[in-house]
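Hi everyone, thanks for making time this morning. I'd like to walk you through one chain, so please have a look at the sequence and the structure first.

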Amino acid sequence: MDEKNVPRIGKRDPNKKRKKSFKVSKPEGNINVTHKWTVTVTLLAFFLSIIFGIVTSVMSRLNIISALIILLCIISVSVVFDMLGTAVGAAEEFPFHSLAARKVRGAAHSVRILRNAPQVASLCNDVIGDIAGIISGSSTAVIVANISMGEGGGNVLISLVLTAVVAALTIGGKAFCKGIAMKNANAVVFFMGRIFYDLEFIAHLGKSKR
């Protein structure tokens, strides 16, 4: 028998490609994920949209300067909360453990924020941040309509310029603040933790006076 035709047992055929399967392990952490949050965040988005919509309708009755100030406030809300959501996703939990053990103000609340990072990030980015971004667009349309009515006709140039300015402030502000949030994620979360600590302290103080 020819040796070339004899099958070789235990040796891999060089013509056959070996399939490789890679498995990526899940990240280790104490992050809480609950499906009830989906329902909660949906209802919250609904009611916040109504509130922001009321603000937009009120803007149609204000003068141009006041309406522009409110518009800048809405853009700031969108940018700031986008930064907070980014920081929560990038921050680390372990630096706050020693601070919490020493009972530093806001450290324990920072740990709670990071252990509920998906919910907090969704609230900041997807709910408040995105809704504020959408409302800023409709507020821009209201301001443009008021300007056009004051001039006795439509003004395409004003609409284009104001829309471009709002878009530039929103996108540029988010890009700038995202960089700050990524570099100083722990500090931003610690700032949030201290705010929650102060709010909880004020709430307990109010209950004790009753």
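This is a predicted model: local features need pLDDT of at least 70, side-chain atom pairs count only at pLDDT 80 or more; totals for chains, interfaces and linings use all residues.

I'll go from the overall fold to the core, then to the aromatic rings and the salt bridges.

Of the 210 residues in the chain, 30% are buried. The accessible surface comes to about 14700 Å², and 65% of that belongs to carbon and sulfur atoms. As for contacts, if we take those between residues at least 6 apart in sequence, 82% join residues at least 24 apart.

The largest nonpolar core has 39 residues, and Val88, Ile143 and Val189 are the ones that touch the most other members. Helices α1 (36–59), α2 (64–90), α4 (107–115), α5, α6 (156–183) and α7 (185–209) each supply at least two residues of this core. Which helix gives the largest share? That is α5, with 11 residues.

Let me stay with isoleucine 143 for a moment. Leaving aside residues up to four places away in sequence, isoleucine 143 touches Met59, Ile64, Ala67, Leu68, Leu71 and Leu162. Now look at serine 136, which is in helix α5, spanning residues 117–150. Is serine 136 buried or exposed? Its relative accessible area is 4%, and because the cut-off for buried is under 20%, serine 136 counts as buried. With the sequence neighbours up to four places away left out again, serine 136 touches Leu71, Ile74, Ile75 and Val166. You'll notice Leu71 in the contacts of isoleucine 143 and in those of serine 136.

On to the aromatic rings. The count comes to two aromatic pairs. Phenylalanine 46 and phenylalanine 47 are edge-to-face, with 5.4 Å centre to centre and 80° between the planes. The other is tilted: phenylalanine 96 and phenylalanine 190, at 5.9 Å centre to centre and 50° between the planes. Phenylalanine 96 lies in helix α3 (residues 95–101) and phenylalanine 190 in helix α7, so this pair ties together parts that are 94 residues apart in sequence. Phenylalanine 96 is buried at 3% relative accessibility, and phenylalanine 190 is buried at 18%.

Finally, the salt bridges. There are four of them by count, and I'll show you some. Aspartate 82 and lysine 178 meet through their side chains at 3.1 Å, N to O. Aspartate 82 is in helix α2 and lysine 178 in helix α6, so the pair ties together parts 96 residues apart in sequence. Here aspartate 82 is buried, at 9% relative accessibility, whereas lysine 178 is partly exposed, at 35%.

Next come arginine 105 and aspartate 198, whose side chains form a salt bridge at 3.0 Å, N to O. Arginine 105 lies in the loop between α3 and α4 and aspartate 198 in helix α7, so this pair ties together parts that are 93 residues apart in sequence. Both are partly exposed: arginine 105 at 38% and aspartate 198 at 32%.

Helix α7 also takes part through glutamate 200, which links to arginine 112 in helix α4, 88 residues apart. The closest N and O atoms of arginine 112 and glutamate 200 are 3.8 Å apart.

That's my tour, and I'm happy to take questions.

Key. Residues are numbered from 1 along each chain as its sequence is written. Side-chain values use heavy atoms; hydrogens and water are left out. Helices (H or I, at least four residues) and strands (E, at least two) are DSSP runs, numbered from the N terminus. Buried means under 20% relative accessible area, exposed over 50%, partly exposed in between (1.4 Å probe, protein chains only). Contact means heavy atoms within 4.5 Å. A nonpolar core is a set of buried Ala, Val, Leu, Ile, Met, Phe, Trp, Tyr and Cys residues joined through side-chain atoms within 4.5 Å. Rings of Phe, Tyr and Trp (its six-membered ring) pair if their centres lie within 6.5 Å; planes under 30 degrees apart count as stacked, over 60 as edge-to-face and the rest as tilted. Accessible areas come from the Shrake-Rupley method with a 1.4 Å probe; for residues, only the protein chains shown count as cover. A salt bridge is a side-chain nitrogen of Lys or Arg within 4 Å of a carboxyl oxygen of Asp or Glu.
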